[in-house]
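Me: I've got this model open and I'd like to talk it through. Can you take my questions one at a time?

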Amino acid sequence: RAEVRPNERMLIFDFGGGTFDVSCLECQDASHFRVCKHDGEPRLGGNDVDTALVNYSLNRYKKLTGTELFDPKLPKNKTKLTRLRSMCEDIKRNLSVSMTQELDTCDINGNKPIQITAMDLKEAIRDLIQKTIDCVKRITDEDGFNPGYIRHVFFGGGASNVRAVREEVMKMFQNSNFPDVNPYSSVAKGAANMAIADHQIG
């Protein structure tokens, strides 16, 4: 159970479909928050995670079989690419609650399934995760805003549900609380407002 009190500071980690935003807020009272610091990447989001997993799958299939699954650059393969992207999006979500998923390539001209683990996904998106962490570091690099002063961390946006993303953020804020809010329906300041509605302010 989280209690958000006046003068406490919180971090909103909003990793959405097409953008990434991180904000440091200070609770003024039950319904008012002050945005102290903000950073982000306007061209970084869950879509980039899907793209990275698509590329990983294509490369993995080629290593396993010695042949290409298909050439994603050819217009004639647009339908296959769309199908693979959809499959990778499902795998991304499923790997948040399981350690291994199977990519069945039969629907996209393949003849060998690909096993994708949570660690594989982490490696595929390592650079993307680092970009989000760099943004977090930029707004927590001075006294009063460093991780030790952040009482609560709220995750917003579907991509924040990726296990590897959460692990890196939680590693930075080991002494903070991580209230349970739905990352698919929570965005930026709205995430804090949801928590306020659900929990009594002390």
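**Walking through the fold**

Me: How many helices and strands does the protein chain have?
Reply: Before counting, note that this is a predicted model, where local features need pLDDT of at least 70, side-chain atom pairs count only at pLDDT 80 or more, and totals for chains, interfaces and linings use all residues. Residues are numbered from 1 along each chain as its sequence is written, and side-chain values use heavy atoms, with hydrogens and water left out. Helices (H or I, at least four residues) and strands (E, at least two) are DSSP runs, numbered from the N terminus. From that end the elements go β-β-β-α-α-β-β-α-α-β-α-α, and the tally for the protein chain is six helices and six strands.

Me: What share of the protein chain's residues is buried?
Reply: Buried means under 20% relative accessible area, exposed is over 50%, and partly exposed is in between (1.4 Å probe, protein chains only). Out of the 202 residues in the protein chain, the buried share is 45%.

Me: Are α4 and α5 roughly parallel or roughly antiparallel?
Reply: Helix α4 covers residues 126-139 and helix α5 covers residues 163-172; their axes come within 10 Å and cross at roughly 30°. Angles under 35 degrees count as roughly parallel, over 145 as roughly antiparallel, 65 to 115 as roughly perpendicular and the rest as oblique. So α4 is, relative to α5, roughly parallel.

Me: Which residues of α5 make the contact with α4?
Reply: Contact means heavy atoms within 4.5 Å. On the α4 side, the contact uses I129, I133, V136 and K137. On the α5 side, it uses A164, V165, E168, V169 and M172.

Me: Is L81 buried or partly exposed?
Reply: L81 sits in helix α2 (residues 78-94). Leaving aside residues up to four places away in sequence, L81 touches V54, F70 and P72. The C-alpha atoms of L81 and F70 are separated by 8.5 Å, with the two residues 11 apart along the chain. Because its relative accessible area is 27%, L81 is partly exposed.

Me: What is the phi of N109?
Reply: N109 lies in the loop between β4 (100-103) and β5 (114-117), and N109 is exposed, with a relative accessible area of 53%. Most residues other than glycine have a negative phi. N109 is not a glycine, yet its phi is positive, at about 75°.

Methods: Axes are lines fitted to C-alpha atoms, for helices over the stretch in contact, and angles run from 0 to 180 degrees between N-to-C directions.
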